[in-house]
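Here is a friendly walk through one protein model, meant for someone who has not looked at it before. Have the picture open while you read.

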Amino acid sequence: MLLIYTLGGFLVLPYWLERFLPNHLEQRTGQDASVGDIRINPYLFTVEVSDVQLGGTAENPLMKLRRLYIDFELSGISKL
């Protein structure tokens, strides 16, 4: 079970998100979207997305993030 969790978190989920996220953003915003690499650490509950771009042109995007880092804290679950 630990092996499945590890492979899913480090390999399968980032691969799936790299293909799903741009299409989802385009449908939700009506703008062209792209993302670079996605790295997930299932043990630390972190997600790192590089080169997020939304709308506009390659030279002048509406929004561009070089790095988006999300750190999910387990302590927040107990406060719900």
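A quick definition before we start: two strands pair if DSSP finds at least two bridges between them. Keep in mind, too, that this is a predicted model.

**Strand β3 and its partners**

Let's begin with β3, which covers residues 46–54. This strand is mostly covered, with seven of its nine residues buried. Which strands does β3 pair with? With β1 it runs antiparallel, and two bridges join them. With β2 it is antiparallel as well, joined by four bridges. With β4 the pairing is again antiparallel, over eight bridges.

You can pick out a residue pair in each of these. Ser34 has Gln53 in β3 as its bridge partner. Ile40 sits opposite Val47 of β3. Ser50, for its part, faces Arg67 in β4.

Is Gln53 buried or exposed? Its relative accessibility is 17%, and buried means under 20%, so Gln53 counts as buried. Setting aside residues up to four places away in sequence, Gln53 touches Asp32, Ala33, Ser34, Ala58, Pro61, Met63 and Lys64.

**Two positive phi angles**

Now for the backbone. Most residues other than glycine have a negative phi. Against that background, Phe45 has a positive phi of about 55 degrees, although it is not a glycine. Phe45 lies in the loop between β2 and β3. Those two strands form a hairpin with four residues between them, and that is where Phe45 takes its positive phi.

Asp51 is another case: its phi is positive, near 55 degrees, in a residue other than glycine. Asp51 is placed in strand β3 itself.

**Asp37, in a loop**

Where does Asp37 lie? You'll find Asp37 in the loop between β1 (33–34) and β2 (38–41). Leaving aside neighbours within four places in sequence, Asp37 is in contact with Glu18, Glu48, Val49 and Ser50. Leu3 is another matter: Asp37 and Leu3 are 34 residues apart in sequence and 23 Å apart in space, C-alpha to C-alpha.

Why does Asp37 count as partly exposed? Partly exposed is the range between under 20% (buried) and over 50% (exposed), and Asp37 has a relative accessible area of 44%, so it falls in that range.

| Residue | Relative accessibility | Class |
|---|---|---|
| Asp37 | 44% | partly exposed |
| Phe45 | 32% | partly exposed |
| Asp51 | 43% | partly exposed |

**The largest pocket**

Last stop: the empty space. Rolling a probe the size of a water molecule over the atoms shows where empty space is left. The largest pocket here has a volume of about 220 Å³. Which elements give two or more residues to its lining? They are α1 (2–29), β2, β3 and β4 (63–71).

In total, 16 residues line the largest pocket, and Leu21, Val47, Val49, Leu68 and Ile70 lie nearest its centre. What kinds of residues make up the lining? The lining has 14 nonpolar residues, two polar ones and no charged ones.

Some names come back here. Val47, one of the residues nearest the pocket centre, stands opposite Ile40. Val49, also among those nearest the centre, is one of the contacts of Asp37.

Note on methods
Residues numbered from 1 in each chain as written. Predicted model: local features only at pLDDT ≥ 70, side-chain atom pairs only at ≥ 80, totals over all residues. Heavy atoms only, no water. Buried < 20%, exposed > 50% of the residue type's maximum accessible area, 1.4 Å probe, protein only. Contact = heavy atoms within 4.5 Å. 1 Å grid on protein atoms, 1.4 Å probe; cavity = no way out; pocket = protein on both sides within 12 Å on 5 of 7 lines; lining within 4 Å. Points joined across faces, edges and corners; volume = space filled by probe spheres on them. Nonpolar A, V, L, I, M, F, W, Y, C, P; charged D, E, K, R; others polar.
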